[in-house]
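Please view the sequence and the coordinates before reading the points.

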Amino acid sequence: TFAFYIKARRATSQEALTQPNPSSTPSTSRRPPIRQRSFPNGAYHILIVEDNLINQRVLSKQLQRLGCTVHIANQGLEALAFIRTSRFWSENAGVGRELDVVLMDWEMPVCDGLTATKRLREMEQQGLITEHLTVIATTANARPEQVDMAFAAGDDLLAKPFTVVQVMAKIE
């Protein structure tokens, strides 16, 4: 049995939660953003693809507190099934579920994040997905060759562990 105490202070505004400290947030982005959209108060629609239930719950709660709508998939095939219900799927004619960004864990059972992202990009090429969907890889595998593989399939990368401030900075 163990116990611990963490002294913290409550943020006083939404802005304090979403403004990263530029000196403490390393930039791993190698591409400019593909689409720019304005979202009031961080009101993004986010699909979290993560097999770890604790990670799902913690990140989901943090993002919801910032005003985001959060959807969960436990692995890559569930993520692809969710995308088929979104406005991005060609048969939905833009009236499916809202989705702005996918936070894709790299290592998962059944279908890992890298494979799921590659399939998503193939569906974009085939015209099954009508618009580019931003995918941010979330992984503890941050060696240079692994980062290159993530960028080849997705749009950006967040190395674990990360904070919700870093997540929002990447999304924005």
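Predicted model: local features only at pLDDT ≥ 70, side-chain atom pairs only at ≥ 80, totals over all residues.

1. The largest nonpolar core has 20 residues. Those with the most contacts inside this core are Leu47, Val49, Leu99, Val102 and Met104. Two or more residues come from each of strand 1 (45-49), helix 3 (76-83), strand 3 (101-105) and helix 4 (113-126). Helix 3 gives the most, with 4 residues. In soluble globular proteins, nonpolar side chains tend to be buried together.

2. Another core, of 16 residues, lies apart from the largest one; Ile46, Leu63, Val70 and Val101 are among its members.

3. Arg87 is found in the loop between helix 3 and strand 3. Its relative accessible area is 12%, so Arg87 is classed as buried, the cut-off being under 20%. The side chain of Arg87 makes a polar contact of 3.1 Å with the side chain of Glu98, and another, of 3.3 Å, with that of Glu131.

4. Asp105 belongs to strand 3. An unreviewed UniProt entry lists Asp105 for "modified residue: 4-aspartylphosphate". Is this residue buried or exposed in the model? Asp105 counts as buried because its relative accessibility is 5%. Leaving aside neighbours within four places in sequence, Asp105 is in contact with Val49, Glu50, Asp51, Gly113, Thr138 and Lys160.

How values were computed. Residues numbered from 1 in each chain as written. Heavy atoms only, no water. Core = buried A, V, L, I, M, F, W, Y, C linked by side-chain atoms within 4.5 Å. Buried < 20%, exposed > 50% of the residue type's maximum accessible area, 1.4 Å probe, protein only. Polar contact = N/O pair within 3.5 Å; in protein donor to acceptor, adjacent residues only side chain to side chain. UniProt positions renumbered as here; feature names shortened; annotations may be inferred. Contact = heavy atoms within 4.5 Å.
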